[in-house]
Amino acid sequence: MNPIIIAENVKSIFSLPEISVRINELINSGDASNEQLAEIILHDPALTVKLLKLANSPYFGFPRAVETVSHAVSLIGHKELRNLVVATSVTSTFKNIPPDLVDMSAFWYHSITCGVFARLFAAEKKSKEQERFFIAGLLQGIGKLVLFSQYPSESREVLNYKDQGEAAIRNAELKIFGFTHSQLSAELLKQWQLPIGIWKMIEYQSDPENALIKDSSILHVAVNIANCVELCVSETVGTDETEPAYLTEASNQLGLSSEVIQTIIDKTGPQVDEISALINKS
């Protein structure tokens, strides 16, 4: 199997809504104005409401109320806007996933948790363009959904290793598919023409050697910590699993003490709940 071929084959099945494609293309052109972007968004009432609610949420914490789409665009910025539009539309992209393999509500809640953790850790490390860490965390697991949909039998084999931790799952994916779900996620996002700073971070986050790259290491820590506090598979996963050795290595490399990590965990819940309510709302 090849993740590039799989991503190409499922593009017609798993494609971003038209409005997301239009905004992405306009921003990629480098000629986008706030007014043009606002006009596109206003043609989608549901997206307009979601964007304004998100702009006024604790996720951003703007000191004054954001009352118009054009104001939201000017405050948030074009790159962050693209990320948020993708985030608010992507949940409608993946449908008809076998329910015995994944609880979709739990999957997206878990994915949002990964995104919020990644953004907060990136802020702690003063990384550039912190919003892309949220979208990377949110979308790093979509490769699993593609595999669940297209290869359910093989995916069940992988899930047999879920109680043995992330390293065992990664090894099982490599053995059964020849690649990891992170690599497939990255390839699909690449074909969706999302920025390299997002899909490259995802591509290497589950690779212990390459994840020593700062961005991927931040995402690696965020995903592993989210795995400890949120479950996305239908069946119960054991909670007595010891902390992965590489999580400790990556945390130390980033200079994230246990106290810092716990502080971030404590502030994550309200943001995750609010964003989850907005993104998953039909």
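Tutor: Gladly! One term to begin with: contact means heavy atoms within 4.5 Å. Keep in mind, too, that this is a predicted model.

Student: Thanks. Which residues of α7 meet α16?

Tutor: On the α7 side they are Y109, I112, T113, V116, F117, R119, L120, F121 and E124. Their partners in α16 are V260, I261, I264, I265, K267, T268, Q271, V272, D273, I275, S276 and I279. Sorted by class, this contact has 13 nonpolar, 4 polar and 4 charged residues.

Student: How do I describe the way two such helices pack?

Tutor: In general, two packed helices are described by the angle between their axes and the distance between the axes. Here α7 (residues 104–124) and α16 (residues 258–279) pack at about 135°, with their axes 8 Å apart. An angle over 145 degrees would count as roughly antiparallel, and α7 and α16 are therefore oblique to each other. Their crossing is right-handed.

Student: At what angle do α1 and α12 cross?

Tutor: Helix α1 (residues 3–10) and helix α12 (residues 181–191) cross at roughly 50°, and their axes come within 9 Å. That makes α1 oblique to α12. The handedness of the α1 and α12 crossing is right-handed. From α1, the residues P3, I4, I6, A7, E8 and V10 take part, meeting Q183, L184, E187, L188 and Q191 of α12. This contact divides into 7 nonpolar, 2 polar and 2 charged residues.

Student: And how do the axes of α8 and α13 lie?

Tutor: The axes of α8 (residues 131–139) and α13 come within 9 Å and cross at roughly 45°. That makes α8 oblique to α13. The crossing of α8 and α13 is right-handed. R132, F133, I135, A136 and L139 of α8 make the contact with G197, I198, M201 and I202 of α13. By class, the contact of α8 with α13 holds 7 nonpolar, 1 polar and 1 charged residue.

Student: Now the core, please. Which residues of the largest nonpolar core touch the most other members?

Tutor: The background first: in soluble globular proteins, nonpolar side chains tend to be buried together. The largest nonpolar core here has 88 residues, and those touching the most other members are F94, F121, F134, L138, L139, L189 and W192. Helix α7 gives this core its largest share, 10 residues.

Student: What does W192 touch?

Tutor: Setting aside residues up to four places away in sequence, W192 touches F14, S15, L16, N24, V90, T93, F94 and I142.

Student: What about backbone angles: where is N96 found?

Tutor: As a rule, most residues other than glycine have a negative phi. N96 is not a glycine, yet its phi is positive, about 60°. N96 sits in the loop between α6 (78–89) and α7, and it is exposed, with a relative accessible area of 76%.

Student: Is Q193 partly exposed or buried?

Tutor: Q193 is partly exposed, with a relative accessible area of 46%. Q193 lies in the loop between α12 and α13 (196–205). Although not a glycine, Q193 has a positive phi of about 70°.

Key: Residues are numbered from 1 along each chain as its sequence is written. This is a predicted model: local features need pLDDT of at least 70, side-chain atom pairs count only at pLDDT 80 or more; totals for chains, interfaces and linings use all residues. Side-chain values use heavy atoms; hydrogens and water are left out. Axes are lines fitted to C-alpha atoms, for helices over the stretch in contact, and angles run from 0 to 180 degrees between N-to-C directions. Helices (H or I, at least four residues) and strands (E, at least two) are DSSP runs, numbered from the N terminus. Angles under 35 degrees count as roughly parallel, over 145 as roughly antiparallel, 65 to 115 as roughly perpendicular and the rest as oblique. A crossing is left-handed if the near helix is turned anticlockwise from the far one by less than a right angle, and right-handed if clockwise. Ala, Val, Leu, Ile, Met, Phe, Trp, Tyr, Cys and Pro count as nonpolar, Asp, Glu, Lys and Arg as charged, and the others, Gly among them, as polar. A nonpolar core is a set of buried Ala, Val, Leu, Ile, Met, Phe, Trp, Tyr and Cys residues joined through side-chain atoms within 4.5 Å. Buried means under 20% relative accessible area, exposed over 50%, partly exposed in between (1.4 Å probe, protein chains only).
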